[in-house]
Amino acid sequence: MSDFRQLNYFLTLAECLNYGKAAKALNISQPPLSRQIASLEEKLGVKLFNRHHYGVSLTEAGKMFYTDTRAVVSAYELACRNVQKMAAGEKGQLSVGFMMHAAYSTIPELTRRVVTDFPDLQLTLQEVTPGALVSAVLDGDYDVGLVFNPGPARFLESLPLHREKLCLIVNSKHRLGVKKSINASELQSEPLIATPHAVAPVLRETIDLFLRQQGVAPCYRLETQLQQTIVSLVAEGLGIALVPESVKKLNYEGIEYLELEQSPTIEQVLIWHKDNSNPAQALFKQLAKALTES
């Protein structure tokens, strides 16, 4: 059985068609090259080269062996590159769970960087409600998640990605719609539309705490899971809502986005299970960190 060294010697000689040139390309002397080629022909029981005074030429068998050997070596080299890319996280699969708010802030740019710089990495994106995402990452359903900062949790690690303020959205015909900024005291007794605590606990707690600190008792009229639905209901005049500023990108007709005085900020983080060993996860974290520093 031939080893890869002999195959490499054979390919080099087949391409140079001269022992001296081939030996120089291989950075060896000519006698070892001659011995290895002779040994290869002996093992195969086939003459691969015709010897001439000016060099060598391939026999018909040698031409076929060259084609097959080049394919074998190319496949081996590809296998080496692939396994190196896999170990570096540049090839393989990465599953990403993200909340809707990340779709208007961090996930588009992160996705662009992955597909542009690492086309061999297969990215799977799945929108998940914030309340379910932490458990899903800990259960291994996703390699990473983009969610409002859930705080410390066993086995969970995180990287801050994005901070944004809350703003107020009202129907364009609402009494507050003519204002540029709003004091929370003006929201007393106003019917609110919000995401349920079970769906987005961090966001809901941030809203509740802010209003109560401003002396306003929250009056929730409607609860619904999706921010798009909240905006749509506000546009119908069914209530007002406090939402992250990134929701402005919805650009919904019939809505006014108003600044909140002393508005709280809410932090979005990248989360992962500390024992997740997917190399692509580490690469994604590096890209996310670079995004925060740019």
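I started at Gln262, which is exposed at a relative accessible area of 62%. For the record, buried is under 20% relative accessible area, exposed is over 50% and partly exposed is in between, with a 1.4 Å probe and protein chains only. I'm working with a predicted model here, where local features need pLDDT of at least 70, side-chain atom pairs count only at pLDDT 80 or more, and totals for chains, interfaces and linings use all residues. Residues are numbered from 1 along each chain as its sequence is written, and side-chain values use heavy atoms, with hydrogens and water left out.

I found Gln262 in the loop between β11 (255-260) and β12 (265-273). My element names follow DSSP runs numbered from the N terminus: helices are H or I with at least four residues, strands are E with at least two. The phi of Gln262 is positive, about 55°, although the residue is not a glycine.

Then I looked at Ser189, another non-glycine with a positive phi, this time about 70°. I located Ser189 in the loop between β7 (181-182) and β8 (192-194). Ser189 is exposed, with 57% relative accessible area.

Next I checked Lys249, in the loop between β10 (241-244) and β11. Lys249 counts as exposed at 58% relative accessibility.

**Helix α1 against α2**

I moved on to helix packing and took α1 (residues 4-16) with α2 (residues 19-26). Their axes come within 8 Å and cross at roughly 130°. Axes here are lines fitted to C-alpha atoms, for helices over the stretch in contact, and angles run from 0 to 180 degrees between N-to-C directions. I therefore logged α1 and α2 as oblique to each other. The classes: under 35 degrees is roughly parallel, over 145 roughly antiparallel, 65 to 115 roughly perpendicular, and the rest oblique.

The α1/α2 crossing is right-handed.

Which residues of α1 and α2 meet? I listed Asn8, Tyr9, Thr12, Leu13 and Cys16 from α1, and Tyr19, Lys21, Ala22, Ala25 and Leu26 from α2. That contact divides into seven nonpolar, two polar and one charged residue. Ala, Val, Leu, Ile, Met, Phe, Trp, Tyr, Cys and Pro count as nonpolar, Asp, Glu, Lys and Arg as charged, and the others, Gly among them, as polar.

I then picked out Thr12, which sits in α1. Is Thr12 buried or exposed? Thr12 is buried, with a relative accessible area of 12%. Leaving aside neighbours within four places in sequence, Thr12 is in contact (heavy atoms within 4.5 Å) with Ala22, Ala25 and Leu26.

I looked at Leu17 too, in the loop between α1 and α2. Leu17 counts as partly exposed at 35% relative accessibility. Not counting residues up to four places away in sequence, Leu17 touches Gly55, Val56, Ser57 and Leu58. The C-alpha atoms of Leu17 and Arg51 are 9.5 Å apart, with the two residues 34 apart along the chain.

I read an angle of about 105° for α1 and α3 (residues 30-44), with the axes 10 Å apart. That pair is therefore roughly perpendicular. On the α1 side I noted Arg5, Gln6, Tyr9, Phe10 and Leu13, and on the α3 side Leu33, Gln36, Ile37, Ser39, Leu40 and Lys43. The α1/α3 contact splits into six nonpolar, three polar and two charged residues.

For α1 and α4 (residues 60-88), the axes come within 10 Å and cross at roughly 125°. These helices are therefore oblique to each other, and their crossing is left-handed. The contact residues in α1 include Phe4, Leu7 and Phe10, and those in α4 include Phe65, Tyr66 and Tyr76. I counted the α1/α4 contact as ten nonpolar, two polar and two charged residues.

**Nonpolar cores**

Last, I looked up the cores, each a set of buried Ala, Val, Leu, Ile, Met, Phe, Trp, Tyr and Cys residues joined through side-chain atoms within 4.5 Å. The largest nonpolar core has 53 residues, and those with the most contacts inside it are Leu146, Leu168, Leu187, Leu242, Leu270 and Phe284. Apart from that core lies another of 19 residues, among them Leu7, Leu40, Leu48 and Leu58.

Key: A crossing is left-handed if the near helix is turned anticlockwise from the far one by less than a right angle, and right-handed if clockwise.
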